[in-house]
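Please look over the sequence and the model shown here.

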Amino acid sequence: MQGIGRRYALAAAVALAPSVWAFGPPFFTDDPVPVDLRHWEVYVATQYLHARDSVEGTAPHFELNYGAAPNVQVHLITPFAYAMSPGTPNQWGYGDTEFGVKYRFVEESKNMPQIGTFPLVELPTGDSSRGLGSGQTSFFIPIWMQKSWGEWSSYWGGGFWHNPGQGNRDHWFFGWQAQRQMTKSLAVGGEVFYQTADTVDGQNHTGFNVGAVYDFDEGHHLMLSLGSDIHGSALGTMYLAYQWTFGPKEKGE
């Protein structure tokens, strides 16, 4: 389950800020694995968050990842966001744009996990007055690790969010994911995550997701996850995406 990096901003998922939150589709926790050199990942996706007093998400958002250099991936998300709250008109429009660069600086070995970083910047292109954007530029600086054992793999890590704006506060996110390749086409997994409060009067959040990736063939994939907060305000979350992967063929293929 290669990283989507994101993502409706994790801050969004658990604190109701309307930006993209998924890191490593279909999960919040990301991996350190970049897209192969000169290869592409294209996502058409939707995300949904049901909180106690609102429903938010994307319908749809588009994600592009490109292997720009060995161990380096560039990343872009352009979302159309929606927001619904009791007593206010439903809103839909362009949300906050996400840009990032993933860099893997340690390769996996028998005794060492892969290690990488994936800094992300959230640009305030959405209309915050309509609940479709944060109104501020924020950024995330993480460290991610991954290790594989036969049909099993796991990735984990976390990082620091700079979250400016009145009433907001900087915060931390940590997550751990594990998955198993059940068949040649199907992988299933789950994660648990923790985030500190991202507003002055907010609370810490602990949550989980379970998900799956189905490979129709080498280039076409379906991703799904469902989850909820264990402690926090998110009553339910969902991520659904079609992923198209392509690039130059290796010699001999």
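**Charged pairs, rings and a loop**

Arg104 and Glu107 form a salt bridge in which the closest N and O atoms are 3.7 Å apart. The model is a predicted one. Glu107 has a relative accessible area of 47%, so this residue is partly exposed. Arg104 counts as buried, because its relative accessibility is 16% and the cut-off for buried is under 20%.

In total the structure holds five salt bridges. Another of them joins the side chains of Asp30 and Lys102, at 3.6 Å from N to O. This pair links distant parts of the chain, with Asp30 in the loop between α1 and β1 and Lys102 in strand β5 (residues 97-106), 72 residues apart. Both Asp30 and Lys102 are buried.

A salt bridge also connects the side chains of Glu218 and Lys249, again with an N to O distance of 3.6 Å. Here too distant parts of the chain are linked: Glu218 sits in the loop between β12 and β13 (220-231), and Lys249 in the segment after β14 (234-246), 31 residues apart. Glu218 and Lys249 are both exposed. Through shared partners, salt bridges join Asp30, Asp31 and Lys102 into one network.

Next come the aromatic rings. The whole structure contains 14 aromatic pairs. In one of them, the ring centres of Phe28 and Phe193 are 4.8 Å apart and the planes stand at 70 degrees, so the pair is edge-to-face. Phe28 belongs to the loop between α1 (10-15) and β1 (40-51) and Phe193 to strand β11, so the pair ties together parts that are 165 residues apart in sequence. Phe28 is buried, with a relative accessible area of 4%, and Phe193 is buried at 4% relative accessibility.

Phe80 and Tyr94 are also an edge-to-face pair, with 5.6 Å between centres and 85 degrees between planes. Phe80 lies in strand β3 (residues 72-84) and Tyr94 in strand β4 (residues 91-94), so this pair ties together parts 14 residues apart in sequence. Phe80 is partly exposed at 27% relative accessibility, and Tyr94 is partly exposed at 30%.

Finally, Thr199 is placed in the loop between β11 (186-195) and β12 (205-215). A polar atom of the Thr199 side chain lies 3.0 Å from the backbone nitrogen of Gly202. Beyond its neighbours within four places in sequence, Thr199 contacts Gly167, Asn168 and Arg169.

How values were computed. Residues numbered from 1 in each chain as written. Predicted model: local features only at pLDDT ≥ 70, side-chain atom pairs only at ≥ 80, totals over all residues. Heavy atoms only, no water. Helix = DSSP H or I, 4+ residues; strand = E, 2+ residues; numbered from the N terminus. Polar contact = N/O pair within 3.5 Å; in protein donor to acceptor, adjacent residues only side chain to side chain. Contact = heavy atoms within 4.5 Å. Phe/Tyr/Trp six-rings, centres within 6.5 Å; stacked < 30°, edge-to-face > 60°. Buried < 20%, exposed > 50% of the residue type's maximum accessible area, 1.4 Å probe, protein only. Salt bridge = Lys/Arg side-chain N within 4 Å of Asp/Glu carboxyl O.
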